[in-house]
Amino acid sequence: MTSEQVRQAPFAFDALVDRWRSRREADQVRYDEDQKLWQVADHRGVTAVLADPATYSSDFSGLVPTQEDFETFRRGNFVGMDPPAHRTLRTLVSQAFTPRVVAGLEPRIEALTGELLDAVADRDRFDLADALAYPLPIIVIAELLGVPVGDRGMFQDWATTLFAGDGIGEALDMADVEQALDSIAPTVREMNGYFLDHIRQQRKDPGDGLLGRLLDAEVNGTRLTDQEIVGFVALLLVAGHITTTALLGNAVLSFDQYPEAAALLRAEPGRLPDAIEEVLRWLPPFPELGRRTTREVELAGHAIPANSVVMANLATANRDPDRFADPDVFDVTRSPNPHLTFGHGIHFCFGAPLARLEARIALRQLMDRFSALAIPCRDEVELQNPAVIVSVRRLPVEVQRR
């Protein structure tokens with residue numbers, strides 16, 4: 001396939017982007033009869049939903065099927081909590097997982113990225129997902145938690161299982177949710193047992209790593225229980241791993257689709273942070289966030305009953321022409337870029353700083369090491385189920401070295 005044929009081949013996410021565009025062009029707030037939920041598509045409406053946890057709750061207890069194995073993780077997963085429990089738990093883990101801790105990881109992430117790319121130094125073609133996008137964040141999280149080197153492969157296997165989405169339709173309904181929970185329950189059970197054992201060992205001999213700091217964290221005499229730490233660690237595995245994997249893959253896909261953007265970044269590498277924000281706006285890994293109304297509420301002239309499911313569509317909000325100039329243009333110089341990919345309000349993504357840091361380091365090394373990086377055949381790109389995550393599963397690339 002020639003380079004011109006590659007450029008003209010369909011972009012991997014064309015169908016998904018078209019679907020987001022159709023939703024954006026429909027009513028900003030509407031009831032979806034098929035999914036039995038409310039869709040909010042505009043930037044202003046999505047921001048309002050995410051900024052008001054008292055009205056739009058993150059706690060779906062009673063509305064989604066209960067699965068015993070997931071209940072154990074829920075105790076430390078503050079993403080699914082409302083204040084005051086959310087505030088207490090997030091404050092506790094914030095004492096251990098500080099901005100200084102994240103910034104201190106930069107030299108190690110630099111070294112790991114180099115080591116992973118050295119492993120494919122003799123190849124002109126390789127799978128970027130397998131070589132870098134998957135293992136880099138997994139190793140970072142594993143080292144943060146003091147996990148033995150030999151156990152790192154389990155982390156990747158767990159994450160792969162959790163986000164595979166095999167057999168699930170692109171429009172999730174409660175039957176899909178129940179099926180998904182049942183299919184990954186054994187993996188969740190295995191993770192729960194592993195992390196509980198690891199934490200109990202740390203209690204006997206606490207170190208100065210992340211787990212040791214979590215064990216020491218205290219707010220007004222309250223400390224984290226073992227199970228709460230397990231829940232947070234599971235959340236970190238998601239927020240600190242799969243988001244970076246998706247961001248890296250989506251960036252390479254986007255730069256391949258828009259070679260003029262890649263050329264600009266090579267000429268002006270200082271623009272990379274802005275480019276990363278544009279990739280996040282363009283292809284949010286988790287394009288929707290669900291909320292439950294705690295009371296009847298009016299939004300954009302619609303009366304939404306209490307206990308309704310409201311889906312805040314980040315992807316369409318990120319393309320709102322009232323908030324973004326030329327929203328359908330991929331512009332790596334866009335600044336400011338008020339995208340909502342990492343959420344808004346009290347639930348703003350806890351792993352965002354780590355994902356941004358890892359992406360910046362990895363993409364910079366890719367540009368420094370390779371004079372050209374392209375996707376030779378788009379038919380070979382394999383995607384995850386977009387109902388679960390907007391990300392690649394396989395990303396074969398062809399490179400030229402400097």
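A: Let's start with a pair of facing residues: Arg 125 stands opposite Glu 398 in strand 14. Strands here, like helices, are DSSP runs numbered from the N terminus, with at least two residues (E) for a strand and at least four (H or I) for a helix. Before going further, please keep in mind that this is a predicted model, in which local features need pLDDT of at least 70 and side-chain atom pairs count only at pLDDT 80 or more, while totals for chains, interfaces and linings use all residues. Residues are numbered from 1 along each chain as its sequence is written, and side-chain values use heavy atoms, with hydrogens and water left out.

Back to our pair of strands. Strand 4 and strand 14 (residues 396-401) run antiparallel and are joined by three bridges; two strands count as paired if DSSP finds at least two bridges between them. In general, strands of a sheet pair through backbone hydrogen bonds, either parallel or antiparallel.

Three strands make up an open sheet, ordered 4-14-11, with antiparallel pairing. Strand 4 (125-127) and strand 11 (370-374) are at the edges with a single partner strand each, so one side of each has no neighbour in the sheet. From one strand to the next, the twist averages 30°. For such angles, axes are lines fitted to C-alpha atoms, for helices over the stretch in contact, and the values run from 0 to 180 degrees between N-to-C directions.

What lies across strand 11 and strand 14? That is helix 17 (residues 352-369), which runs at about 115° to strand 11. Contact here means heavy atoms within 4.5 Å.

For comparison, have a look at strand 10 elsewhere in the model. Five of the five residues of strand 10 (residues 309-313) are buried, so the strand is largely enclosed by the rest of the structure. Buried means under 20% relative accessible area, with exposed over 50% and partly exposed in between (1.4 Å probe, protein chains only). Val 309, Met 311 and Asn 313 point one way from strand 10, and Val 310 and Ala 312 the other way. Strand 10 runs parallel to strand 2 (residues 37-40), with three bridges joining them, and Ala 312 is the bridge partner of Val 40. With strand 7 (residues 288-293), strand 10 pairs in the antiparallel sense over five bridges; there, Gly 290 has Met 311 as its bridge partner.
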